[in-house]
Amino acid sequence: MSWRAAWSIARRDLSARFRGLRLLLVCLFLGTMALTAIGSLTAAIERELSTRGGELLGGDVQLSVWQRGLNEAERRALANNGTISEGVRLQAMARVGETAVPIELKAVDAAYPMYGALILKDGRSVGSPDPGTAWLSQDAADRLGVAPGARIAIGTGALTVGGIIASEPDRLGEGFQLGPTVIVDARMPESAGLLAPGSMYRTKVRLKLATGQTPENVAQAFLRQFPTAGFEARTRDEASPGADRFVQRMGDFLTLVGLAALVIAGIGIGGGGPSYLDARRSSIATLKILGATSADIARIYALEIAAAAAVGSLAGLVAGIAVTPLIATALDGLLPVAGGIVLAPAAIALALAYALLVSLVFAAPPLLRARRFPAMALMRAQVSPLARDRLAWAVVALGLGTIAAIALLTAKDVMLTGGFLAGAAAAFAVLALAGWLLQRAARALPRPRSPVARAALANLHRPGSATGTLVTALGFGLAAFVLLAAVQTAIGGTIARRVPARAPDYFVLDVPKDRAAEFRGLVAKAHPAAETRLVPMLRGSVIAFGPEGRMTRTADLKDIPEGGWALRGERGLTYLDDPPEGNTLTAGRWWPADTTAAEVSVDEDFAKAVGLNLGDRITFGVLGVETTATVTSLRRIDWQTMGFNFVFVLSPPVLANAPHNLSATVDLPSGSPTGPLLRALVTAFPSSSVIEVGGVLRQARTLLDQVGLATLAAAGVTVLAGLAVLLGAIAAVRNQRAYDTVMLRVLGASRGQVLALLVAEYAMLAGVLALVALALGGGAARLVIVRLFEFDWLPDWGTVAATLGGGVLVVLLFSLLASLPLLREKPARALRSL
């Protein structure tokens, strides 16, 4: 039979509404839509990051250093490679009358912007503002209640609002900030008294390279020339490391969600395919009697399933492409992604390949079994099931291997994707083992006295039972419920732990150390019961660490060890006479108050991550000067406190003589008004920055809530696929159930007894599988939370258990609804069809 003739028969047999193949359509639609949307969005963001890297960073190379500007040698070294733009970034306070707002002060020179355009609301394309003028972000203008032409004060300087920023080309590259942006002339911070020795500011120098130079080579050459100067370098290829990491992490997570949806869809296809063919077994037998060969049978029904798979996959592709602009709109301002329809051919081809391979893998076994058996065997398949086909298993193995190979070859994190694939295989193995053990246990248990319970138990292990199929489908479906609940509650637990409800009311930066007593007095006068803590604050980087004589230079590390985040760039440093509040000494000893030695106390988790021990040495770079201290104690830090927590605390002789200011926390009595103290602090200390912690906490909670919402929406695809599979698994055994129901009715069972038997069987299955699903879903959720998001594993097991219980009830409800039509089966008609 030719392919054209086979298609003619298949087309007549294939209902326009795809009756019998709707489960396949739904499963493939969900999985393909998820993978298409995820791949298209990720590709669009990565394309923006790569093509607009210079604009997002503000140059081809950026060098930054804390608490100082460039010296002439450093400036000449950069200028030899192209055009430079130099400026500073710092926290400051903007004031209008009695209104004071913390801002991110961005001082730029005449060369800014070197890429892109700074656009104001009135349509002007501008650069650095004139002296005495400032460009304000819309948020800054709203908080201050000002418009163009108004006067504001920053530090000891007065400025005129020259315009409101509509588009800031390097906004994403600037990273997280604690206040809205105000752009001023490069000379303004110093003239306003904001750059006194010890002030917490950061110098940023952008470099626009001459033709033919490579950003990475120029940056590395500069760092080699000035290895101890404390510079951090970024290139246009990593314009926004935070965005890159976010895209990679969320891309990995969402890809795993799509793959999980397709795996669950495959289970549905595996159940729906046999069900579809089983309903047509008489037609297959008739075709064989009329002379159709096994190849003809396979060709006809392969075309039918392929047509359904193509429709489901293409519909998923269209839906995935259509939903991508909606997601891009939601991410506008957070990540660089162009609006409108996004077409990513590679992502679309990958999603389609996955969908068709999954269809092939899970539809092949019933097709190949049906083609091998004679007509009489097909006629008797209801009471004498067809045996397994070795060729079918070979096709399945080949298809699964191809899917795994594609997933690994296209993965950004091969270890993560490999772990997921191994986990999925392990989950199948666990569920298969659970099905086998369940059948063995049902066979070994004593027979209950109740006839309904006895029949339900027998259904789990009798020949031809659907226990294996139901265990796999129900296990993955219930695991999807556990995954969703565990991920959501773990994110909620992270919010509760990392973003405490109680924290200091203010952080104050750059308090002059010779005015500490004045600062305490001002706070005490406004609120006598307030708690004030002042600590020295400097910035420094770890240049080298390890045993004396065998120290490891940070610059020589190929990769930063996991947990060794304090080795990246410059970190906050302090010196104290006593252990910090909320810290517990876990090893070593604290230095005496009159020490003259260079000692350092280190966070125990950091020490463990990088292999530091008591007696080892750490060399810090502070303001371009190297200083080395001996590790004499390890501390356990309570990071839940929103106070000052330092990975490194040094003895006073190490840092006391370096230029620095103090930072402070102010904790007011509960219910105290914050406005009067804020105005008093800003007036008395104009060069200091006062940060209200409440706004920062709200920002952090909002950010984590957004992550949770995105996770909920993504994992919801998996849950929908799981629900579809639950329905499909119940529908897939409908013919078998119809036969069983008829036999029971003929033997005298009432409709109530038949219904009770079916519900009891599903209740036994769901009850046992709930424990398996708890382990599978919980393990997958832990992988997502700990490995991908790097959050704490803090699920609410009560909520997880309640969600799992709800899933079990859903299973019972679906089984009840699916069983009701069976009670209306007419025994005579059903027996004639056997």
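**Aromatic pairs**

Start with the rings: the whole structure holds 7 aromatic pairs. Here rings of Phe, Tyr and Trp (its six-membered ring) pair if their centres lie within 6.5 Å; planes under 30 degrees apart are stacked, over 60 edge-to-face, and the rest tilted. This is a predicted model, in which local features need pLDDT of at least 70 and side-chain atom pairs count only at pLDDT 80 or more, while totals for chains, interfaces and linings use all residues. Residues are numbered from 1 along each chain as its sequence is written, and side-chain values use heavy atoms, leaving out hydrogens and water.

Select Phe222 and Phe231. Their ring centres are 5.0 Å apart and their planes stand at 80°, so this pair is edge-to-face. Are these two buried or exposed? Phe222 is buried, at 3% relative accessibility. Phe231 is buried too, with a relative accessible area of 11%.

Next, select Trp793 and Trp797. They form an edge-to-face pair, 6.0 Å centre to centre with 75° between the planes. Trp797 is partly exposed, at 43% relative accessibility.

**Charges over rings**

Show Trp66 and Arg539. The charged end of Arg539 sits over the ring of Trp66, 4.1 Å from its centre. The rule asks for NZ of Lys or CZ of Arg within 6 Å of the ring centre and within 35 degrees of the ring normal. Then go to Tyr115: Lys208 lies over its face, 5.1 Å from the ring centre.

**Cavities**

How many cavities of 30 Å³ or more are there? The count is 3. A cavity is a set of points on a 1 Å grid over the protein atoms alone where a 1.4 Å probe fits but cannot get out; lining residues have an atom within 4 Å of a point.

The largest cavity has about 40 Å³ of space. Select its lining residues, including Ser85, Arg89, Asp109, Tyr112 and Lys204. Strands S2 (82–96), S3 (99–108) and S10 (201–209) each give two or more residues. S2 gives the most, with 4. (Strands are DSSP runs of E, at least two residues; helices are runs of H or I, at least four.)

Finish at the second largest cavity, also about 40 Å³. Asn459, Asp740, Thr741, Leu744, Val754, Leu757 and Leu758 line it.

Definitions and conventions
On a 1 Å grid over the protein atoms alone, a cavity is a set of points where a 1.4 Å probe fits but cannot get out, and a pocket is an open set with protein on both sides within 12 Å along at least five of seven lines; lining residues have an atom within 4 Å of a point. Grid points are joined across faces, edges and corners, and a volume is the space filled by probe spheres set on the points. Buried means under 20% relative accessible area, exposed over 50%, partly exposed in between (1.4 Å probe, protein chains only).
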